[in-house]
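Dear colleague,

Please find below the structure I promised to pass on, followed by my notes on what turned up in it. I would be grateful if you read the notes with the structure open beside you.

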Amino acid sequence: MTELMTAAQMRATEEAAIAAGRTTGLALMERAGRAVVAAVFQRWPALSEGAHAALVLCGPGNNGGDGFVIARRLRDLGWAVTVQIFGDAARLPPDARRMHDLWAASGPVAPLGPCEGGVDLVVDALFGTGLTRPLPQAVAEAVARPSRGGDQVQRVAVDAPSGLNLDTGAIPGGQGVFLADLTVTFHTAKPGHYLGAGPAVCGQLVCADIGLGGSGGNLAGSPPAAGSLRLAEPVTADTGPGLRVFPGAAIAKLAATGHKYDFGHAVVLAGGVGRGGAGRLAARAALRAGAGLVTMLCPPAALQENAARMDAVMLRACRDAEAFEALVDDRVTALCLGPGLGVGERTRSLVAAVCARRAGARAGRDPAVVLDADALTSFAPAPDALFALLHPRCILTPHEGEFGRLFPDLALSARAGMSKVEAVRHAAARAGCVVLLKGADTVIARPDGAASLHAAVYDRAVPWLATAGAGDVLAGLIAGLAAPASAPELICVAEAAAWLHVEAARAFGPGLIAEDLPDMLPEVFRRVAG
Ligand SMILES: NC(=O)C1=CN([C@@H]2O[C@H](COP(=O)(O)OP(=O)(O)OC[C@H]3O[C@@H](n4cnc5c(N)ncnc54)[C@H](O)[C@@H]3O)[C@@H](O)[C@H]2O)[C@@H](O)CC1
Ligand SMILES: [K+]
C-alpha cells in the first residue's frame, strides 16, 4: 500500500535526502523531467518516434524547473520546442534557475501567450505541490487556451494539473485548471490525485521514481500508522502462496479453516413492514463476506415478510431494546444497524443497547458495531448523545449527507480548504471510533489520525455503484468481515470491505443493482485467493 504524502511531507522528504547528501535538488529535478518524457513516450509511443512539436509552460517555482528539463530533453531528441514562462526568470528558485539557464543557452523563453505553430504535446509545468491559491488570471487563460494541432494534441501535467491542490483535490477558486490526459507525479502519489476533482483533471496518473528511496512500504495486514494516510490497494506477497496480503489478510475465510463459530456471528437489525430490503441486503452481504452465522432481527410484524425472502440468514423477532438484550449472547461478534431501521427514538434506544454490549466471558474482544444510515440520522438533533455511546470497536459509515448531519462543521459545504481526509480524521477523533466517509474517494480514519483512502477512480471508476442499497451492502460487508475471531483491526476490515464492494461492482459491470453485489463476491474472492 502506498503512503500518500502531502505537499509538506514531500518537501520534507526531499529536503532530508538533500541534507543527508544522498542527492541534490538538481539531480532530483533532472530525473523528474526525464521521467515525464519517458512516461509521455510510454503512453503515446508514436511520440517516441521521429521529431514532434511541444509547448512547455513553465511556472515560477521548481515545477517550472522540471519544465525546463523536459524542454531540453525533447529538443535534444530533435523536437521543435516552444517554452513560455509565467513570472520573472530572474526570480526562479536556484535549481529551477539553473535549469532555465541551461535551456536558455540555446532556446528562447517567451511570456505566456498564444503559441504560433501547431503542437503535438502541451506540457504543464506551471504549478505543482507549491500551489497555494487560485490560478492568476493569465495562467487560468493559458491553461484553458486550445492548442493548434487538432485532436491529436496530448496534454501532460508535471506533478499536478496546475490549479489542482494536491493536498485536498480541490480547485481553489472553483475554476481555472489544466485538463490533463496524463499526470506524472514523483516518489509517491499525493492525496489530491485521488480526492475530489483530482482524478477528473489528472486524466491518467503515473508515479515516477526519482531516487528518493523507499516510499512507505507495503504495510497491509497491519493498520496504517497514526497520522499517516495510505492508499488501500491490492498487495501481493513476495513469497509463499498466491494469496494477496491485501485484501486477503482481512478475509478470514480465505486465510484459515475453522468452525462456523470461529467465523463469528453477525447480527443485522432491520426495519419494519415493507422496509426490510435494506437490512436483507446487509445481512446477505455479511453472510457472503464470511461471517459464520448471520441473524436478522426485525419487528414481529415484519417476520413473515422477511422469512419469505431469506433462507441461510436466520431470523428472529425483536420488538425493542429490551427484547434485543434477551436475544443476543456473547457469541455475537458483529452488529450492523441503520439500513431501513427508521429514524427516531426506537432506533436511538437500539443503538444504545447495541453499543452497551461489550465483550462477554466467551468473547475475546468487544463486538464490532457498524452504524449506518438511520442509526446515524436518528442522532442528527444531538450528535454528542451518539458519541457518548460509541467505543473503539464501532465504525460509522456515513455518506456525505449523513456525515454533515453528525458533523455540521466538517460537512462538505463547510470544509473550505480542509481536505476530506482531515475532516474524517477530526470526525473519528470526536466520535472516538473509526469513521468511513463514502464516495468515489472513500476515506477511513481512526481517532489517532491513522487514515486510509480507497479510490474508485481512474481505471477503477464504477459510476453504476451509485445505486440504491449499495451502501447497505457495504455496511453488511464490514460486519461480515469483522465477525471472525481472526479478523484484523476494524480500519483494515473497512479498507478490505471498500475494495471488495468496488470489485464486486466492477465484476458485474453496468446495469448493476444492489442485490447483485453480494452475489458477485464469490467471483471476487476466487481472484483474491487465486
Ligand atoms: N528539489 C525539489 O524540491 C524538487 C521539486 N520538484 C518539483 O517542484 C515542485 C514544487 O516546487 P515549488 O515548491 O517551488 O512549488 P511550485 O513550483 O508548485 O510553485 C511554487 C511557486 O508558486 C507560487 N505560487 C503558489 N500559488 C500561486 C498562485 N496561485 N499564483 C501565483 N503564484 C503562486 C509560490 O509562491 C512559489 O513561488 C514539485 O511539484 C515538483 O514538480 C521536482 O523537481 C523534484 C525535486
Ligand atoms: K503542473
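Predicted model: local features only at pLDDT ≥ 70, side-chain atom pairs only at ≥ 80, totals over all residues.

Residues are numbered from 1 along each chain as its sequence is written, and chains are lettered from A and ligands numbered from 1 in the order in which they are written.

Val-267 belongs to strand β11, residues 265–269 (helices, H or I of at least four residues, and strands, E of at least two, are DSSP runs numbered from the N terminus). Not counting residues up to four places away in sequence, Val-267 touches Thr-295, Leu-297, Val-328, Val-332 and Leu-335, where contact means that the C-beta atoms of two residues, placed from the backbone, lie within 7 Å. Between the C-alpha atoms of Val-267 and Pro-522, which are 255 residues apart along the chain, the separation is 21 Å.

The annotated positions come next. In an unreviewed entry, UniProt lists Asn-63, Asp-124 and Ser-162 under "binding site"; its positions are given in the numbering used here, feature names are shortened, and annotations may be inferred rather than shown by experiment. Although these positions are spread over 100 residues of sequence, they cluster in space, with a largest C-alpha distance of 9.7 Å. Asn-63 lies in helix α3, residues 62–76, and is buried because 26 other C-beta atoms are within 10 Å. Apart from residues up to four places away in sequence, Asn-63 touches Ala-125, Leu-126, Phe-127, Gly-128, Gly-130, Val-158 and Asp-159. Asp-124, in strand β4 (residues 121–125), also counts as buried, because it has 30 C-beta neighbours inside 10 Å.

How do the helices pack? Two packed helices are described by the angle between their axes and the distance between the axes. The axes of α3 and α4 come within 8 Å and cross at roughly 25° (axes are lines fitted to C-alpha atoms, for helices over the stretch in contact, and angles run from 0 to 180 degrees between N-to-C directions). That angle makes α3 roughly parallel to α4, given that angles under 35 degrees count as roughly parallel, over 145 as roughly antiparallel, 65 to 115 as roughly perpendicular and the rest as oblique. Residues meeting here include Phe-68 and Val-69 in α3 and Met-99 and Trp-103 in α4, and the contact of α3 with α4 divides into seven nonpolar, four polar and two charged residues (Ala, Val, Leu, Ile, Met, Phe, Trp, Tyr, Cys and Pro count as nonpolar, Asp, Glu, Lys and Arg as charged, and the others, Gly among them, as polar).

Helix α4 (residues 94–104) also packs with helix α2 (residues 25–43), at an angle of about 55° and with the axes 9 Å apart, which makes α2 oblique to α4. The contact is made by Gly-25, Leu-26 and Met-29 of α2 and Asp-95, Arg-98 and Met-99 of α4, that is, three nonpolar, one polar and two charged residues.

Further along, helix α16 (residues 470–482) and helix α17 (residues 490–508) pack at about 130° with their axes 9 Å apart, which makes α16 oblique to α17. By class, the contact of α16 with α17 has twelve nonpolar, one polar and no charged residues. Ile-478, in helix α16, is buried, with 32 other C-beta atoms within 10 Å. Leaving aside neighbours within four places in sequence, Ile-478 is in contact with Val-370, Ile-395, Thr-397, Val-493, Ala-494 and Ala-497.

Lastly, His-391 sits in the loop between α13 (383–387) and β16 (394–396) and counts as partly exposed, because it has 14 C-beta neighbours inside 10 Å. Beyond residues up to four places away in sequence, His-391 touches Cys-355, Asp-366 and Cys-433.

With best wishes

Note on methods:
Buried ≥ 20, exposed ≤ 12 C-beta atoms within 10 Å, placed from the backbone.
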